Amino acid sequence: MGAEKPRSAEAFALERVASAAREVQAASTALKAHFAADGGRQPSTLELARIAAAMQELKDAREAFDRLIVGDTDR
């Protein structure tokens, strides 16, 4: 086995953004059933909270990545 390269802060930040984006996509897909042609049931509070939390994490991850790239880590 080869030695692993240490991962940079940028790589970790980018991985966080990607993970958050996947969670937003998964939560969105779960909600799609509620907006089908038949009108279906209303989404539960938990489902709505999941998408809200996923979107907030994506926003936070993107902001952290942006700060890292421009060098503003004081926030």
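User: What does the residue numbering start from, and which residues count towards local features and totals?

Analyst: Residues are numbered from 1 along each chain as its sequence is written, and side-chain values use heavy atoms, with hydrogens and water left out. In this predicted model, local features need pLDDT of at least 70 and side-chain atom pairs count only at pLDDT 80 or more, while totals for chains, interfaces and linings use all residues.

User: How do you know how many helices and strands there are in the chain?

Analyst: Helices are DSSP runs of H or I with at least four residues, and strands are runs of E with at least two, numbered from the N terminus; the chain has two helices and zero strands.

User: What makes the span of helix 1 close to the expected one?

Analyst: The expected span is 1.5 Å times one less than the number of residues; helix 1, with 24 residues, reaches 35 Å from its first C-alpha to its last, against 34 Å expected.

User: Why are Val-17, Ala-20, Val-24, Ala-54, Leu-58 and Ala-61 called a nonpolar core?

Analyst: A nonpolar core is a set of buried Ala, Val, Leu, Ile, Met, Phe, Trp, Tyr and Cys residues joined through side-chain atoms within 4.5 Å, where buried means under 20% relative accessible area with a 1.4 Å probe, protein chains only. These six residues make up the largest such core, and helix 1 (9-32) and helix 2 (45-70) each supply at least two of its residues.

User: What does Ala-54 contact, leaving aside its neighbours within four places in sequence?

Analyst: With contact meaning heavy atoms within 4.5 Å, Ala-54 touches Ala-20, Glu-23 and Val-24.

Methods
Buried < 20%, exposed > 50% of the residue type's maximum accessible area, 1.4 Å probe, protein only.
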